[in-house]
Amino acid sequence: MSSTDGTLRESNRNAKKRSASPSKQEQQGRESAKRREIRSDYQKVEPNSDQENMERAYELDMDILQTELADDEPDCRFAESSSFLNYQCTKGNHKDYVPIDSLFYPTLPEAYEREDIASVVKALGKLVVKIEVNHSSPRRPKLFPGKNAKFPKGHCRATGKIIFSERKRDFGQEWGEIKIATSSHVVFDQSEAEHTTCILNFDNADSEVVKLKCTKVTYVNTEQDNCLLICKTGDMNLVKQLMDNIYDFVNTHKELHEKYRNLPKNDLVLTVSHPHGHTKQVSIGSYAEPDKNKYHLTTCKGSSGAPIYRLNQEKVWVLEVHSGSADGLAVSGLQLNK
C-alpha cells in the first residue's frame, strides 16, 4: 500500500468522524436555537404590565377558605431539619415533606420512581425562593369582598419562583432584572413590593443564600391570585446562572413530558416551598379529579405562592401558584375563580 493510499484512508476516516459528531460550533448553534425557542415560549405567556391589571388588585373576588402565609412564625433561617420535623404545626404533617437536598427517585411515588423525574424536581428547586414581606398595605381589605373569608394581613413569609433573568443596559449602566412569580395575597401592591426581600438558595441550614431586594410589582391578578415581582442585581454572573437554571428546568421538563405523556396514570403533582420559613421542602401528590386545580398535597403556612408542578403540563415557564387549602385539599390560584 502506498503512502498516498494510507493518507486518503485516514482522511476518509476523519471525514466520517466529523460527519458523525457535530462540531462545537454546530452544537452551540443548536443550543442557541433551542434557547431562542424557549425564550419565544416565555414571551407568549409573560403577563402584560398595564394599569388595568394593577387596578384589578383592588377588585377582589376570591373564594378561598384559608391562605397559607407564615405571618406569625419565628424566623427559621438556621433551623435544623430535625426541628422542622418536630415543629408544632396545626396540620401535623411535616413527615410528608422531603428536603430538596435529600430528594432522589425512591422517594417518589412508585409509578414515578425514575431518576430523570427526580432531576426535574431538583431543577425546579433551583428556581424557588423564600419571600419576606415586611409591610402590610393599608389598602388591603379585611375580608374577601362578598365572602366571609378573612383576607390575610400581609407582613409575612412565603414562597415564589424565578421565571426570567436578563441583563439590562441604559445610559452606559448595566444591571440584571430577575422576575419572580408568587401569589397576589403575598405581595398585594407596590408599597408592599418595596418592602419585600427574595432569598435564593436556602436549601439547608448551611446554604450560602443570596438576598435580593424587590423594586416593583409589574402585574397583579387577584382573580387567579398571582403577581409578578422585579428584583435588581449588579451580579451579572448570578443573572446568567439563573437563566441557565431556567433553561435547564424547561428543557428537562420538555423531554420528560414527551417521554411519559402516555403513562397509564399521569397525575403526578408536586410543589417546592418554604413551609414556616424553613428550608426548601418538596411535597408530592396528585390532582383531585375531576377538578385539576385542587390537589392532594402537603402544604403549610409559608407555602403560599409556591409553584404547582404537573408532569402532564405542556408548558412550564409560568406555573400555577399555590394559594391555600380548602376541604383538605391544596388549591391553586386558577381554582379561585371557579
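Which residues of α5 are buried? They are Asp-116, Ile-117, Ala-118, Val-120, Val-121, Ala-123, Leu-124 and Gly-125, where buried means under 20% relative accessible area with a 1.4 Å probe, protein chains only.

This is a predicted model, in which local features need pLDDT of at least 70 and side-chain atom pairs count only at pLDDT 80 or more, while totals for chains, interfaces and linings use all residues. Residues are numbered from 1 along each chain as its sequence is written, and side-chain values use heavy atoms, without hydrogens or water.

The protein has seven helices and 14 strands, taken as DSSP runs (helices H or I, at least four residues; strands E, at least two) and numbered from the N terminus. Of its 338 residues, 52% count as buried.

Helix α5 (residues 115-125) is largely enclosed by the rest of the structure, because eight of its 11 residues are buried. Those buried residues pack against α7 and several strands, among them the following.

| Strand | Residues |
|---|---|
| β3 | 128-133 |
| β4 | 157-170 |
| β9 | 268-273 |
| β10 | 281-287 |
| β12 | 307-310 |

Leaving aside neighbours within four places in sequence, Phe-249 is in contact (heavy atoms within 4.5 Å) with Val-120, Ala-123, Leu-124, Leu-127, Lys-161, Tyr-309, Val-316 and Leu-319.

Notes:
Buried means under 20% relative accessible area, exposed over 50%, partly exposed in between (1.4 Å probe, protein chains only).
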